[in-house]
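Here are a few notes from going through this one, written as numbered points. Have a look at the coordinates alongside them.

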Amino acid sequence: MNLITSSIGQGLLWGLLGVGLFLTFRILDFPDMTVEGTFPLGAAVSVTAITNGLNPLIATLIAFLAGMLAGLITGLLYTKGRIPILLAGILVMTACYSINLRIMGTSNVSLLGKQTLFSGQFFASLPKFFDSVVLGLIIITIVVAILALFLQTNLGQAFIATGDNEKMAKSLGINTDQMKNMGLMVSNGMIAVSGALIAQSDGYADVNMGIGIIVIGLASIIIGEVVFGELTMNQRLVAVVCGSIIYRFVLLLVLKAGFNTNDLNLISSLVLALCLMLPTLRKKFHFDRILKHGVAMPTKERD
């Protein structure tokens, strides 16, 4: 039961990463490699601030601002410097590695004996692992609700239009460069907060904790889309969070099956590859017909 509760809690905290990546990967329709730098950046900033006596909530907010700044730099390199988005993200991601070392002063910083968001009186009174479930549920609910409301506004619709058809958006008078910068800032700010929450939950920050993060975020998005199918924009935000929880259960089953924890990144890549290939596999092997009719019949015979 503790493992199930822990998986749900971790899924909710990591779900913030998936929702943040959803803004760039699905809405703006481009891959942002900055996430592998901003995730540990959020962890480094929050943990360093907490160890220096700052309130955990303020430390988490500072992590959000640090993530937004990294996203803005990527955006400016892309929109003003005309550097391809993939390369711009890699440049900022690489720079973040050195910045994180500067912030922490070492490759690993522990929160042992320090107050975090999870060590408040209310969370301390909860059963084991329920602290991450409750806090994760509160934060993800607030974030998804704010994003859902934002996407219904004129600014939100302009943001969506930029990703759908940039030329059309420009013809309507939308400043697409501004929309891209805004999306990168909000996305990386949320991802930095996810890193801050994971670091506080685990009790430490490590300079290498961003390796493979983009695969985890993409897995949450793809799994949510594959499992829940065609959804509205607001429903897709919720599906990403559910996909993150499902992904955590997949990892739990993998570990229970006896696989080494060192293989988790490999397994994550395989799960993501399988999910991405699923539409092609469905078409090739007629899975949809099997589910609908019970038997996959050749087209000529059925006619």
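1. Starting with S7: its contacts, leaving out residues up to four places away in sequence, are R248, F249 and L252. S7 sits in helix 1 and is buried, at a relative accessible area of 8%. Keep in mind that this is a predicted model.

2. On helix 1 as a whole (residues 2-27), the length checks out. Helix 1 does carry a kink of about 35°, centred on L21.

3. How enclosed is helix 1, and what is the count behind that? Of its 26 residues, 20 are buried, so the rest of the structure largely encloses helix 1. S7 is one of the residues of helix 1 that falls under the 20% cut-off for buried, because its relative accessible area is 8%.

4. Next, the backbone just past helix 1. D29 has a positive phi of about 65° there, and D29 is not a glycine. This residue belongs to the loop between helix 1 and helix 2. With 56% relative accessibility, D29 counts as exposed, since the cut-off for exposed is over 50%.

5. R82 is another non-glycine residue with a positive phi, near 60°. Its location is the loop between helix 3 (56-79) and helix 4. R82 is exposed, with a relative accessible area of 60%. If you are checking torsions, D29 and R82 are both on my list.

6. Now for helix packing. Helix 2 (residues 35-51) packs with helix 4 (residues 85-104) at an angle of about 10°, and their axes are 9 Å apart. That makes the two helices roughly parallel, because the angle is under the 35 degrees cut-off.

7. Which residues make the contact between helix 2 and helix 4? From helix 2 come E36, G37, T38, P40, L41, A44, V45 and T48, and these meet M93, C96, I99, N100, I103 and M104 of helix 4. By type, the contact has nine nonpolar residues, four polar and one charged.

8. Last, V186, which lies in helix 9 (residues 176-202). Is V186 buried or partly exposed? Its relative accessibility is 27%, so V186 counts as partly exposed. V186 and F64 are 122 residues apart in sequence, with a C-alpha to C-alpha distance of 8.7 Å.

Methods: Residues are numbered from 1 along each chain as its sequence is written. This is a predicted model: local features need pLDDT of at least 70, side-chain atom pairs count only at pLDDT 80 or more; totals for chains, interfaces and linings use all residues. Side-chain values use heavy atoms; hydrogens and water are left out. Axes are lines fitted to C-alpha atoms, for helices over the stretch in contact, and angles run from 0 to 180 degrees between N-to-C directions. Helices (H or I, at least four residues) and strands (E, at least two) are DSSP runs, numbered from the N terminus. Angles under 35 degrees count as roughly parallel, over 145 as roughly antiparallel, 65 to 115 as roughly perpendicular and the rest as oblique. Contact means heavy atoms within 4.5 Å. Ala, Val, Leu, Ile, Met, Phe, Trp, Tyr, Cys and Pro count as nonpolar, Asp, Glu, Lys and Arg as charged, and the others, Gly among them, as polar. The bend at a residue is the angle between axes fitted to the seven residues ending there and the seven starting there. Buried means under 20% relative accessible area, exposed over 50%, partly exposed in between (1.4 Å probe, protein chains only).
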